Structures are given as C-alpha cells and as structure tokens.
Amino acid sequence: MPESPFWTQDSLEDLVSARSKIMGAGVWAAARPDDRPVISFAGGLPDVPSLPDEELLRATRAVLDTERREALQYGGTFGPQPLREAIAERSSGIEGIPLTAEHVTVTSGAAHGIGIACEALIDPGDTVLVESPTFPGSLRTFVSFGAQIEALPMDDEGLLVDPAEEALKRLADEGRRVKLLYLIPTHQNPVGSTLPLARRDQLLELARDHRVLLMEDDAYGELWFGDEPPPPSLFSLSGGELAIKVASFSKIIATGLRLGWNLAPPTLITRMAALRYDMGSSPYLGRTVAEMIRNGDLDRHVERLRAIYRRKLDRLCEAIDEHCGDYVTYQRPGGGFFVWLGLHQGLSAIEVQRVANEKGVLIGAGPHFFADGNATQHLRLAFSYTPVEEIEEGVHRLGEALREVAASSAVK
C-alpha cells in the first residue's frame, strides 16, 4: 500500500475540468445539519407539519393504478409529458397567456433549472447582471460557468431600473456581452421585496432594447399573504418571450421531490433539453405531481400554506418588535419565507450571527448574500421552517444576542 494517496487535491489539478478549478474542492450546501437542539431561522425550508403526505399518497396510488408502466420507465430529457402538460395548463391560468407543453421543461428543482439555462446560454467571459443582495446559490452557478458578475443595487421595492440601464450601456461601450439579468422579483430572497408593476414594464423595455434575457427566479411567487396576488410575472408581461421563469415544487410541496420547471420560449426549451444527459426527471414523481395538479390537491395545498406562513410571519413580527426593536428595522414582506433585518449602526451582522449561534439560534448573516462584497449589515430570518411555538423563544434569544453585541460595541 502506498504511504500517501495517489490522488491529492494538488495532483488532481492537471486532471480536473476548468469549471472544477473555478469552484475548487469545497462543497456548497444550503443548510448544514446541527446536532444541537437549536431553533433555526437559517434555511428557506417548508413547514414540516404541513408537508402533504396524504395528497402524495393519494396521487401515488392513482398513478400506480392507472399509469404504472409509463411511470416506472425512462421519460425523456424534456421531462415527463403529463407533468409538462399539467404545468402548462395550470400556468396558463396563473400567467394569463396561452401555454403548451412546448413552453415547459421539467427540472430537478430551481437550482437545476438555472443550471441548464446557463448550460444553454453562458460562455466563459459572458456577463450576468444580478441583484445585490441575492441568493448565493445562483451566484455560485453563474461563476461556475465562467461568467463575469455585475451587481445591481436595490431599494425596499426591489431592483433599481436606472442603474441597470446604466450598466447595460456601459458594458456595451466596453464591448462586453450581457447574456442574462437574473432577479427574484416576487418575495425576493433575502430581502422579501416585490418589484412593482411599473418597474417590471421598464425592465422588459430594457431587455428588448439590449437583447438581454431576464431570468426570473420564482421559487416563492405563489406564497403571497395579502388579499391580492403580486403583479404579473415578467414572463407573463412579456407574452412568454423575454424571460425565463424558473420555478419549483420545493416550496409549495416538498424539497425532497427535487422537481421544478422552466417556462421559456419553445426554441429555448429545446436548447436546454438538448444539453441534458440524464434521461430527464423522474417519470414516477412527475406523474405523481401531475396527478396532484389535475385533482386540485396542489392548489388547495398552496392555499393552506398561505395561511400557515401568514400566521408564522405575524408571530415573528410581533416577537421582533418586542425583543429586537431597539436594534433593528425591517419591512414586512408580502409573501415568501424571509424577513430582512437591518441592524442599527455599529452592529456587526457576522458577530450577531456568532453570538446567536452560541445561544442555539441559527440565522443568516447579510454579508453572505452580496454579489460584489459591498455588504450592508443585515440579518435574514427564515420563518417558514421554525415551529410556530418556537418562534418567540428564538427571537427572544436573538434579542439577547443583539444586546450583548451592542454592549460590547458600545452601541446604545
């Protein structure tokens, strides 16, 4: 036996791909398990008691009774046809435009949807514009394809259009090709903002004028809490032409399904499917979810989720006001999973995160979400996963952490 491994990280450098070299050996994970009895506001995970066990069992039984042969075979790179058709029919109602299965490709969740879109569109050296702050997992994907990232500023309502226009003009003058503008316009992660209709229309004008695709990450779009839904999607407003809408069943059914979908012009859907080498998403799971859509269980479940998450958000905001109000500001989101806390001057988000962790409370530190390193001092609280009866205790501990950091920083 050799005294040392033949393959080490250093000796692999000559063998691994350029993309592997870009990313390095570190493995990224959205949420790492913690063996302690903690209260977690860290990950954007669904409420566990509300997971639709009975609905999935009913749909599974129906599929195995009537579609067993088709469900248990390969399904093709576009994804299971029954699910594509069910998504197209349901999305036609949501988007207000006629859609067919040709507008849909089924993916292994939204992250995979973003990845196959990049596979079809991004060459090394291309530029991707992104909101900042934004979801770091998507940034990781763009970087892995060798894209140059340009961060765009936001305000409390979302992406600012004028700086986006200025960036597009400047990059064109520099001879740099912008392929995508990535944004989360509805219940943004991490900020929770929803882009107003007027700005959506302005963005579509920019996309048309500069021949740039908008990539609309819509993982949380259906989880709105008010009396009225959010503004129409960019995909809808463009008539299905100027945007790729990336969506997921992870937040509205279960993350363990690993199922999502992309809506895009059929010509682009074909390009994405042509670059898949995995024989597509699971026909069995796809047909199960298609049955949940057809029998109405999915829509009924989403309606229940809105009430559950609204209640959790109410409890969280009450607790923040009581226990943290002297140290933070925030805007109540209209939907989604997150509250974005702005820390008072002199408080460090990283330090508050550390002290809160010591008290058994997991939170997201704002600096991790910025594309350009120009971070502000914020915390992201995900209220979706935490049991409602633990929310106040978790925020109470966070308040203690804030007081300790404030005292050590001489912040009053």
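This passage describes selected local features of a predicted model. Local features were required to have pLDDT of at least 70 and side-chain atom pairs pLDDT 80 or more, while totals for chains, interfaces and linings use all residues. Residues are numbered from 1 along each chain as its sequence is written, and side-chain values use heavy atoms, with hydrogens and water left out.

His103 sits in the loop that joins helix H4 (81-95) to strand E2 (104-107); helices (H or I, at least four residues) and strands (E, at least two) are DSSP runs, numbered from the N terminus. The relative accessibility of His103 is 16%, so the residue counts as buried (under 20% relative accessible area; exposed is over 50% and partly exposed lies in between, with a 1.4 Å probe and protein chains only). When neighbours within four places in sequence are set aside, the contacts of His103 (heavy atoms within 4.5 Å) are Pro98, Asn262, Leu263, Ala264, Pro266 and Ile269.

Two cis peptide bonds are described here. One runs from Ser132 to Pro133, with omega near 15 degrees, and Pro133 belongs to the loop between strand E3 (127-131) and helix H6 (136-144). The other links Asn189 to Pro190, with omega near 20 degrees; Pro190 is placed in the loop between strand E7 (178-183) and helix H8 (197-210).

Positive phi values occur at two non-glycine positions. For Arg211, phi is near 50 degrees. Arg211 is in the loop between H8 and strand E8 (213-217) and counts as exposed because its relative accessibility is 70%. For Met279, phi is about 65 degrees. Met279 lies in the loop from helix H10 (266-274) to helix H11 (283-294), and its relative accessible area of 39% makes Met279 partly exposed.

Glu318, Asp321, Glu322 and Glu392 form a negative surface patch. Patches consist of residues with over 30% relative accessible area and no salt bridge, in which like charges are joined within 9 Å and nonpolar side chains (Val, Leu, Ile, Met, Phe, Trp, Tyr) within 5 Å. Accessible areas come from the Shrake-Rupley method with a 1.4 Å probe, and for residues only the protein chains shown count as cover. A salt bridge is a side-chain nitrogen of Lys or Arg within 4 Å of a carboxyl oxygen of Asp or Glu. Asp and Glu count as negative, Lys and Arg as positive, and His and the chain ends are not counted; the place of a charge is NZ of Lys, CZ of Arg, CG of Asp or CD of Glu. Helix H12 (residues 297-323) supplies the largest share of the negative patch, three residues. Glu392 is part of helix H14 (residues 388-408) and, at 35% relative accessibility, counts as partly exposed.
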